[in-house]
Every structure is written in C-alpha cells, then in structure tokens.
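Me: Could you take a close look at one part of this chain with me? I'd like to start with a single residue and then see what else is worth a look.

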Amino acid sequence: MLLWRLLNDSLRSVNIAICDLSYHDLETPLTGQFCWNDGQEGPRPGILLIHGGAGLDAHAREQACRYAALGYAVLACDMFGDGIAGDKERVMACLLALRDDPDLLIRRGRAGLAALAGCQEVAGPAAAVGFCFGGMAALALARSGADLAGVVSIHGSLATSRPARPGAVTARILACHGAADPHVPAADVAAFAEEMNHAEADWQLVMYGRARHGFTHKHAVPGATPGVAYDRLADERSFSAARAFLAEALTP
C-alpha cells in the first residue's frame, strides 16, 4: 500500500492510501487502483472511476485520488485487461470491441462494481464517474439499470446504439460537456437530452463554453490530438459540479 498526500479544498493535508486491486471479468484478468482517505474511519460510499481511451493511465489514477480526497472509496477500474494499456494496437482493438458490444461494455463495468463492493472500506450507495470513453461506459451502466445512486460523465461520448427504455434509469445522471468538443457534436447532445427525457431519468447536463474534448487532461500537449485541450476553468467547474452532485446522490 502506498500513501499519497495532497491538499483538499479546505487546504488540509489528506493521506490517500493506494493499492492495486486484482479482479476478473469471466476469464479476463483486470487490475485497478483502489484508493481511500486513510485518516477517515469506517466504511464510506464507493465510486467506480472509469478511465478514458488510453486505459488506466496517470490521468485516471490522479482523478481517483482527487475523488478519494472528498471522502469516498474509489476504484479506478481496468476496462481493457492486464497488459493492454500502452500498446496502441491492442488498446484500439479493445476500444472498438467494447464500443460495438454494449453487453460486453456493461458486463466489464459491472465486474468493476462487484470488485468495489467487495472492499471492506465500502458501504452504502455507489456511483460511477467516467472520462471520455469512461463517460460512455458510465452512461451505459446507467442505461442498463445498474444499481447506482449517481453517474457522472465528464467529456464523455453521449451517443448510444442502445437507448434507455422508459423507467430503466434509476441512477441520477450528470453530464459535463465541453461546448466546443468536436468529438461530441451538437446532434449527439440533443439526442441525449431527448433520450433521457423519454427514459424519464433524473438527469442534468452542464456545458462549458469554449471547452474542447478532454478538458480535464492537465498534461495534454496542445495540438497533439485534434480537438483535445486542457481547460482549467472547465476542469475546476466540472469537478465542483461533480462534487456537489455526488454529495447529494450518495447521501444515505
């Protein structure tokens, strides 16, 4: 177990305990990063944090610690499998397989939820928070009727080949979207709103002006990936929105 020290929003030092957590989706071995505030007594609500298209990378790990500092037990899950992240060809193959097979995507996410629920630090309601590809996966869990109190999609894909049925979505939903995101066009945003209304979901959408795709990626190299750019204001505002949303959704 590692300890990671950071300052929370009250400028108090927080010790975040970090350990690898191995689990499986059928025969596929997966290894996530589990983290929690080591100075906080007793079990607490859990968050499944779902990485973006690159796999369980530094961004996902840092975000997991960021949310753990709020007082949650967080599993940054592995959607690809051991040894995949870092291998571009295998990453793309996994992304396409998960995108094109909603049942596989949901099952892989539910495997992470089961691993999270099995941790002794976790009790009470759970939520899912996803970034980019992870936002799509988190919304897929919500559409499937997964037992979640809340779902947060941050610069995630909003399109789906399997729209939610009326009454199927029991989780509250927050989607944080960059208004200048070329990877999620306005038509997808409008279709998402129509879908959520048709599903009678408790949902909200926050759009950030001028923000492009991947606006929470602090270390993104400007111009390296078309349409992707860090935006400090959108990052801070989306985190603040997610924090308030989770505090409401995860209150027993």
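Reply: Let's start with R210, which sits in the loop between β9 and α6 (232-249). Helices here are DSSP runs of H or I with at least four residues, strands are E runs of at least two, and both are numbered from the N terminus. A quick word on the model: it is predicted, so local features need pLDDT of at least 70 and side-chain atom pairs count only at pLDDT 80 or more, while totals for chains, interfaces and linings use all residues. Residues are numbered from 1 along each chain as its sequence is written, and side-chain values use heavy atoms, with hydrogens and water left out.

Back to R210: its phi is near 75°, a positive value in a residue other than glycine. R210 counts as exposed because its relative accessibility is 70% (exposed is over 50%, buried under 20%, partly exposed in between, with a 1.4 Å probe and protein chains only).

You'll find E200 in the loop between α5 (186-198) and β9 (203-208). E200 isn't a glycine either, yet has a positive phi of about 60°. With 63% relative accessibility, E200 is exposed.

Q63 is buried, since its relative accessible area is 6%. Setting aside neighbours within four places in sequence, Q63 is in contact with L49, F131 and T216, where contact means heavy atoms within 4.5 Å.
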